[in-house]
Amino acid sequence: MIIIGEKLNGFIPRTMEAIVAKDESYIREIAKSQTEFGADYLDVCAGTAPEIERDTMKWLIGITQDTVDTPLCIDSSDVHVLLEMMQLAKRPGILNSISGEAGKCDAILPVIRGAEWGVVALTCDQNGIPTDPEVKFQIAKDLVAKAQAHDIPLDRIFIDPLVTTLATTGTSLLSFSEAVRKIKGNWPDIHITSGLSNISFGMPFRKAINTQFLALAMSAGMDSAIMDPTSADMRATLYATDALLGNDEYCMRYLTAYRAGMIGAKKA
């Protein structure tokens, strides 16, 4: 399971407070804690107004890379910001994201051709975010074709089928899971990721929905998630589900995580 730490994101209120206050210690703390709790990448997203996004991203990336060596998932809806911030990265990471919207693939894919960067590909286009799993699959199919035309290996593509909020779409998990199975069935080497807390937006007791979604999505074939690795509930769900799905031989990762205090108890 590839964990992309979600907490360096200005759309999270506490992180935005730190960005506004230029609280370096908080940014360092969450960069370090996410890394310690198993993040393979750290998502970095300004969440600010466009006119200050570049400066905010430079500040976040500088502090993060000065604190940890974890590769970055550079997150912006502006492809020009993505490409500019990519130059600041000390090591290859992931660009988040391309989609079926006009121009994004043409701007990003030629740049990462022959590089070691991964890319998140969202199943949306100029018509918005579909709920029909077949439409999600068709957009994914088009994105994969464009990536392959630029010789991007399948294992560097992270398809995000864009789960909708449960509060507005009662079949959001079912649609997501069907899309995942179709995508994985056609391209087993492609990664499936999700900003999984999106499903619980607007709902009470969100962690109950988030943990169950993580387990069920993993069962459908999701092998990556943009999530909070510092959450004990999320970590326990991830390790337990991985073992239950037969992906953890002799439950060694589960047992190691338990003995290290990663699950079942607070880490010392």
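Predicted model: local features only at pLDDT ≥ 70, side-chain atom pairs only at ≥ 80, totals over all residues.
Reader: OK, helices. At what angle do α4 and α5 pack?
Author: About 15°, with the axes of α4 (residues 79-86) and α5 (residues 104-112) 10 Å apart. Axes here are lines fitted to C-alpha atoms, for helices over the stretch in contact, and angles run from 0 to 180 degrees between N-to-C directions. Helices are DSSP runs of H or I with at least four residues, strands are runs of E with at least two, and both are numbered from the N terminus.

Reader: So what do you call that arrangement of α4 and α5?
Author: Roughly parallel. Angles under 35 degrees count as that, over 145 as roughly antiparallel, 65 to 115 as roughly perpendicular and the rest as oblique.

Reader: Which residues make the contact?
Author: From α4 there are Val79, Leu82, Leu83 and Met86, and from α5 Lys104, Ala107, Ile108, Val111 and Ile112. Contact means heavy atoms within 4.5 Å. By class that is eight nonpolar, no polar and one charged. Ala, Val, Leu, Ile, Met, Phe, Trp, Tyr, Cys and Pro count as nonpolar, Asp, Glu, Lys and Arg as charged, and the others, Gly among them, as polar.

Reader: And α7 with α8, how do their axes cross?
Author: At roughly 30°, with the axes of α7 (residues 172-186) and α8 (residues 206-220) coming within 8 Å. That makes α7 roughly parallel to α8. Leu173, Phe176, Ser177, Val180 and Arg181 in α7 meet Phe213, Leu216, Ala217 and Ala220 in α8.

Reader: Switching to Lys184. Buried or exposed?
Author: Lys184 sits in α7 and is buried, with a relative accessible area of 18%. The cut-offs are under 20% for buried, over 50% for exposed and partly exposed in between, using a 1.4 Å probe and protein chains only.

Reader: What does the Lys184 side chain make a polar contact with?
Author: With the side chain of Asp223, at 3.3 Å. A polar contact is a pair of N or O atoms within 3.5 Å; within protein, one must be able to donate a hydrogen and the other to accept it, and residues adjacent in sequence count only if both atoms are side-chain atoms. Leaving aside residues up to four places away in sequence, Lys184 touches Ile190, His191, Ile192, Gly221 and Asp223.

Reader: Where is Ser99 found?
Author: In the loop between β4 (94-98) and α5. Ser99 is buried at 0% relative accessibility, and its side chain makes a polar contact with that of Glu101 at 3.0 Å. Setting aside residues up to four places away in sequence, Ser99 touches Lys104, Cys105, Leu122, Cys124 and Leu143.

Reader: Last one, backbone. What is phi of Leu162?
Author: Near 55°, a positive value in a residue other than glycine. Leu162 lies in the loop between β6 (157-160) and α7 and is buried at 13% relative accessible area. Phe205 has a positive phi too, about 45°, in the loop between β7 and α8; Phe205 is exposed at 60%.

Key:
Residues numbered from 1 in each chain as written. Heavy atoms only, no water.
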